[in-house]
Each structure stands twice: as C-alpha cells, then as structure tokens.
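Please find my notes on this model below.

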Amino acid sequence: MAITAPRGTQDFLPEQTADWQILEAKIRQICSLYGFGEIRTPMFESTELFLRGIGETTDVVTKEMYTFNDRGGRSMTLRPENTASVVRAFLEHKLYGEQKVHKFYYMGPMFRHDRPQAGRYRQFTQFGVEEIGSKDPAVDAEIIAMAFQLFRELGLTDLVLHLNSVGCPKCRPVYRQKLLDFFADKRDQLCEDCNERLEKNPLRVLDCKEDGEKMMQMGVPLITDNLCDDCRDHFQKVQAYLTSIGIPFELDPRLVRGLDYYTNTAFEIMYAPLGAQSTVCGGGRYDGLIEEVGGPSTPGIGFAIGMERLLLTLKEQGLLPPVEKKQPVFIVALGDEARAKAFCIQQALREKGIYAEIDLMGRSMKGQMKSANKMDAEYTVIIGEDELASHTAQIRNMATKEQISVPLDGIVAYMETHKKG
Ligand code: ATP
Ligand code: MG
C-alpha cells in the first residue's frame, strides 16, 4: 500500500508555500514595527514542561499531546503550543535579570491529536507573540492592536474581537465558589462535560458550546461582575486604550481560561464564516505562569494565531495576491558544444543574480522555444550552429519580439543592463 502523509498533516507544494511566504513576510514586517524579535525553541520538550505550563486539566494535556519516551526513557512531548517553551527559554537564559519588557514572536508547527477537519489538523502552524515583564494594560492593548493591524493589512474585515477579564488569584476563588453555589441544585441541567468541569475547573463551564447560552439565561454569575478593584481597573484601562485607537470589541463574559495562572485579559478574534473553527486568534494575560514553571513572579501576555485558519480565511475572501512568477532568461542551445556554452552562461547569469534556465529534457530547438514561452521568459538567448561559429548569440526580447546579435562573452553584461525582473 502506498505510504501517505499521516492523518491530520499536510504537504504544501511550491505554489501553496508561496501563499505562506506572503503571510510570513507580512507577519515579520508587523513584528518589527511593534518591536518583537523572533525566538525559536525546540519542537519537543520534557513532558513536565507542558504539564505545568498548560495545566494538567486542560484538553490539550489530557487528550491531545503527542508524548513518547525517548531512548533514554525520558518522557518527551511534541510541542502543542509555544508559550510554555518561550517561558522556559526566558528562565533558562535568566532574562528576568534585566528589568525590561521582553517581546518575542514565533512561527512554527505545533502538534495536537485533534480530530482532523477543515481548519483543524494534527500538525498546524501558529504565529504567536509573548510580551513578558510588564503588567501595564497598555501592553494588553498593544498586542491586540498588533493582531488587528496584521489582519487589517491583509485586507480582512468582518473580524470580531471578543474580550473578557478572568480576574486574578484574589478575586477568582470567590467567583468560583459563587459558581459552584449557583450550580449546586442545577447539575442535572448540565451536560456531562460541564459536570466534569465543575469538579476540575468550574470557570470553564461557561465556555460550554452546548449549554453556554442556556446558562446565561439562567442568570449565572459572571466573572466581570465579581472582579476585585485592581482587576476591574485593569480591564477598564485595556478597554479605554482599545477605544482610543479605534479597535472595536465585544465584551464576552463567557470567554474564560480557568487556570490559576491566567489573569485579567482574555481575548479571541473570530471570523464567523469559518464555522466551528472560527477562532483565528486566541490570547490572554498569564501573570502566574512564570512562577508556575519555576521562575520569579513575572507578568506576561501573549496570543497565538492559527496560520492555516488565517490562510483559509484569506483564500475565502480572495485576498491572496496571485503568485508572482519570476521571468527567466532562457538559453536555447542546439548541439553539445552550444549546450556546454549555455550551461556556463546560465551559471554566470545566476552568479550575477539573474534568473536563468536551460533545457534539461533534451528537447529540439522548437521544443526549447516552447519551454521559453511556457516559463514566460523575459529574454531568450539562442545559440545555434551559426552563432557558435561566430561566437555570438541571438537575444530575443520576448515581449517586443526584437532580436539582436550579441557576442557570447557579452551576454551577461547585456542582461545586467537590460533585464528588468
Ligand atoms: P479550538 O477551540 O479551536 O480547539 P484552542 O483553544 O485549542 O482552539 P489555542 O490553544 O488558543 O486554540 O490556539 C490558538 C489558535 O491556534 C486557535 O485559535 C486556532 O486558530 C489555532 N489552532 C488550535 N488548534 C488547532 C488545530 N488543531 N489545527 C489548526 N489550528 C489550530
Ligand atoms: Mg483545541
């Protein structure tokens, strides 16, 4: 049986990677505008890092990780996300010693044993940022603005920013208890998953795709009505910053991340036409995470964008520009001697930074001319028997059809002054 790519993985052929490269270039441009530097961490880490850094009760850790023992018997996991690794690197390189804000971005593959479908894969690619070191609400607003500018410059509209605050270890336990009290006599009205969530991670019940709406109607207490003064103040400032730069948002009290190290701002950016996979960007503040992973208490915030989903969105909206094809100088050569010359000229052109091609399929003169047309050559250089005898070549401008004779050792210089692309 033929071997195929593993379920939930994809090959991207050169025409498709061209779309990726456009997106990657735009991302890098925005990152540099906002002062973020790229960080690259390993594809796999000690499993322990993700247990602590993502949390043992999350779906990612309980159901989705690719975990294996290496030959030394150590438990390793293919990274399901990148925040934990960035935090590990931050600590390993003792960057907390410098009193400043650290701004990292990353782009790369993540691995989760998800159920494959459109917009959901087992190997997928995230672009994300982590801004570590400051609690200032301007930081929260700046990274949201950054995601928005990226989307806007890609031409995307119709994106909705959902915003919430999940409080802090001071106000959240009080809220958690309120939730438990509220549901104490209503547990039979909740789905099985929610009953489990109430045990392990009560805040996540509001996130329920089945019953979330119903709970709102039941009058479930909301975190935003139960924030302590500091958290309320932070949340209001984030909103004020966003408003001041014209970024619209919807307050969404059901948007929660229940783990203790998530604090304050939580947000998602959705593109509704993607249906069940409509979240293009998810992010939040994690002031307790660095301590959880073993470092000194340090605030941080980040987001991650699913790049496949973003590309699907761009494609759906017709926002991917047509792939720009480079036009070569195509050297048509007949006979062994001409061919040997053509090979050397091709190399000399390339070394001057000029895209050049020759025939590699043993085609006739006519066939080679056809190839030149197919490749949309800007110039065709023709070296036939007569030309060889007189040490010249015919250079044809494929757009104007003008043809001139140039000495063989003058072709590179000619192209340097004439070739546009
Ligand atoms: P979902 O609810 O869709 O599973 P998530 O909460 O697991 O998303 P995050 O961990 O917040 O997602 O990851 C950030 C982004 O990465 C998501 O918003 C999405 O765009 C993308 N993403 C997550 N899982 C996948 C996947 N299996 N395939 C493709 N993209 C994904
Ligand atoms: Mg998921």
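1. Strand β12 (residues 329-333) is mostly covered, with five of its five residues buried. Buried here means under 20% relative accessible area, exposed over 50% and partly exposed in between, with a 1.4 Å probe and protein chains only. In a regular strand the side chains alternate between the two faces of the sheet. Both faces of β12 are covered: Val 329, Ile 331 and Ala 333 are buried on one side, and Phe 330 and Val 332 on the other. Strands are DSSP runs of E of at least two residues, helices are runs of H or I of at least four, and both are numbered from the N terminus.

2. This is a predicted model, in which local features need pLDDT of at least 70 and side-chain atom pairs count only at pLDDT 80 or more, while totals for chains, interfaces and linings use all residues. Residues are numbered from 1 along each chain as its sequence is written, chains are lettered from A and ligands numbered from 1 in the order in which they are written, and side-chain values use heavy atoms, leaving out hydrogens and water.

3. Which strand pairs with β12? Strand β13 (residues 356-358) does, in the parallel sense and over three bridges. Two strands pair if DSSP finds at least two bridges between them.

4. Eight strands make up an open sheet of mixed pairing, in the order β1-β5-β6-β11-β10-β9-β7-β8. At its edges stand β1 (37-38) and β8 (250-251), each with a single partner strand, so one side of each has no neighbour in the sheet. The partner strands β7 (residues 160-165) and β8 run parallel and are joined by two bridges. Glu 250 in β8 is opposite His 162.

5. Strand β15 (residues 392-397) pairs with β14 (residues 379-383) in the antiparallel sense over four bridges. β15 also pairs with β16 (residues 403-407), again antiparallel, over five bridges. Arg 396 in β15 faces Thr 380, and its bridge partner in β16 is Gln 403. The hairpin of β15 and β16 has five residues between the strands, and Lys 401 in this turn has a positive phi of about 70 degrees.

6. Most residues other than glycine have a negative phi. Lys 94 has a positive phi, near 50 degrees. Lys 94 sits in the loop between α4 (83-92) and β5 (102-111) and is exposed, at 57% relative accessible area. The phi of His 391 is likewise positive, near 50 degrees. His 391 belongs to the loop between α14 (385-389) and β15, and its relative accessibility of 55% counts as exposed.

7. How many aromatic pairs does a search of the whole structure find? The search finds eight. Rings of Phe, Tyr and Trp (its six-membered ring) pair if their centres lie within 6.5 Å. Such pairs link Tyr 105, Phe 127 and Phe 303 into a cluster.

8. Lys 186 lies over the face of Phe 182, at 4.0 Å from the ring centre. The criterion is NZ of Lys or CZ of Arg within 6 Å of the ring centre and within 35 degrees of the ring normal.

9. Phe 68 is part of strand β3 (residues 66-69) and, at 34% relative accessibility, is partly exposed.

Definitions and conventions
Phe/Tyr/Trp six-rings, centres within 6.5 Å; stacked < 30°, edge-to-face > 60°.
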